Amino acid sequence: MSSDSTGGMVLPYGTVYLVGAGPGDPELLTLKAHRLLSRCDALVHDALVPKALLDLVPDHCERHFVGKRRGHHSVPQPSTNAVLVELATRHRTVVRLKGGDPFLFGRGGEEAAHLAARGIPVEVVPGVTSGIAAPAYAGIPVTHRRAGSSVTFVTGHEEVDKRRPGVDWQGLARSSDGLVIYMGLHNLERICMELMAGGLDPATPAAVIQQGTVLGQRTLVAPLGVLAERVAEEGLASPSIVVVGRVVAERVEACAPAPADAEMPIPFDVGDGIARIP
Ligand SMILES: C[S@@+](CC[C@H](N)C(=O)[O-])C[C@H]1O[C@@H](n2cnc3c(N)ncnc32)[C@H](O)[C@@H]1O
């Protein structure tokens, strides 16, 4: 039975909300996400959420960290699913907080399906994705009439995650005017080679935005042909968004907001369980 502090009807399960935390700047949180965080009984989150949001939850809230601990892999997805199911049996409002938008490279769809299949009420709360916000905080619009009519959100992580079909980078080079690449740094050299093999000019404008919207934000703009080399020289690291296409040349630096004075990813200590956060 889920707990019911209001004394109202007690349901067999609480509701799990898959909530988008936004890209880092806490002010980019939606009002709906803010309301749920302020009254949740349990919180499950990983490292790519701003620390300030964790302070919004009530004192009684049970917190679970399921992210990557330094030098370790993330908690496996089946374990996270099990934590969500278990919490829904004990709590009325469970928030599963995810960086950016839960349904954009965030495994939110997998968690929603797992919960729904067990009859557990689940609801998604969309968030501002880093693929739009990080470029925006560098003054780069992800679409522009002068730069074409299409943009593709794509993961550069596909080689690591064998459960995903591979990305046809050469095909994308031909079919999409702009590319917004998540998790692209690890394979950046190969991705750039493939895009050029697919017909993109080495002079195509490109950018990498590290730590978008928060402290430590850095932007590198370079032609596609030397992008990987420049990223290595400058030592840019994850989390970063890569933008490729003429939209980068439409950058208006004057419109870029100052990054928020916020910490993200959250720092953490190595623990031996999933129920601790700093
Ligand atoms: C597992 S994906 C999650 C994406 C998330 N669901 C979203 O909508 O933003 C993690 C990747 O998102 C990107 N990312 C997340 N936050 C970022 C930020 N503040 N600045 C730049 N890239 C970010 C990086 O490419 C990172 O490796």
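Strand 1 (residues 15-20) and strand 4 (residues 93-98) run parallel and are joined by 6 bridges. The structure is a predicted model, in which local features need pLDDT of at least 70 and side-chain atom pairs count only at pLDDT 80 or more, while totals for chains, interfaces and linings use all residues. Residues are numbered from 1 along each chain as its sequence is written. Helices (H or I, at least four residues) and strands (E, at least two) are DSSP runs, numbered from the N terminus. Two strands pair if DSSP finds at least two bridges between them.

- An open sheet is formed by 5 strands in the order 3-2-4-1-5, and the pairing is parallel.
- At the edges stand strand 3 (62-65) and strand 5 (122-125), each of which pairs on one side only.
- From one strand to the next, the twist averages 20 degrees; axes are lines fitted to C-alpha atoms, for helices over the stretch in contact, and angles run from 0 to 180 degrees between N-to-C directions.

**Strand 2 and its neighbours**

- Strand 2 pairs with strand 3 in the parallel sense over 4 bridges, and alanine 42 has glutamate 62 in strand 3 as its bridge partner.
- Strand 2 also pairs with strand 4 in the parallel sense over 4 bridges; here leucine 43 has valine 95 in strand 4 as its bridge partner.
- In a regular strand the side chains alternate between the two faces of the sheet.
- Both faces of strand 2 (residues 42-45) are covered, with Ala42 and Val44 buried on one side and Leu43 and His45 buried on the other.
- A residue is buried if 20 or more other C-beta atoms lie within 10 Å of its own, exposed if 12 or fewer, and partly exposed in between, with C-beta atoms placed from the backbone.

**Helix 3 and helix 4**

- Helix 4 (residues 108-117) lies across strand 1, strand 4 and strand 5, and runs at about 160 degrees to strand 5.
- Helix 3 (residues 77-90) packs with helix 4 at an angle of about 50 degrees, and their axes are 10 Å apart.
- Helix 3 and helix 4 are therefore oblique to each other; angles under 35 degrees count as roughly parallel, over 145 as roughly antiparallel, 65 to 115 as roughly perpendicular and the rest as oblique.
- Their crossing is right-handed; a crossing is left-handed if the near helix is turned anticlockwise from the far one by less than a right angle, and right-handed if clockwise.
- Gln77, Asn81, Leu84 and Val85 of helix 3 meet Glu110, Glu111, His114 and Leu115 of helix 4, where two residues are in contact if their C-beta atoms, placed from the backbone, lie within 7 Å.
- The residues of this contact divide into 3 nonpolar, 3 polar and 2 charged; Ala, Val, Leu, Ile, Met, Phe, Trp, Tyr, Cys and Pro count as nonpolar, Asp, Glu, Lys and Arg as charged, and the others, Gly among them, as polar.

**Helix 7 and helix 8**

- Helix 7 (residues 188-197) and helix 8 (residues 227-234) pack at an angle of about 160 degrees, with 8 Å between their axes.
- The two helices are therefore roughly antiparallel to each other, and helix 7 passes helix 8 in a right-handed crossing.
- Leu188, Glu189 and Cys192 of helix 7 make the contact with Leu227, Ala228 and Val231 of helix 8.
- By class, this contact has 5 nonpolar, no polar and 1 charged residues.

- Most residues other than glycine have a negative phi, and most peptide bonds are trans.
- Phenylalanine 105, which is not a glycine, has a positive phi of about 50 degrees; this residue lies in the loop between strand 4 and helix 4.
- Phenylalanine 105 is buried, because 21 other C-beta atoms lie within 10 Å.
- Glutamine 211 also has a positive phi, near 55 degrees, and lies in the loop between strand 8 (205-210) and strand 9 (218-223).
- Glutamine 211 is buried, because 24 other C-beta atoms lie within 10 Å.
- The peptide bond from serine 238 to proline 239 is cis, with omega near 0 degrees, and proline 239 is in the loop between helix 8 and strand 10 (240-244).
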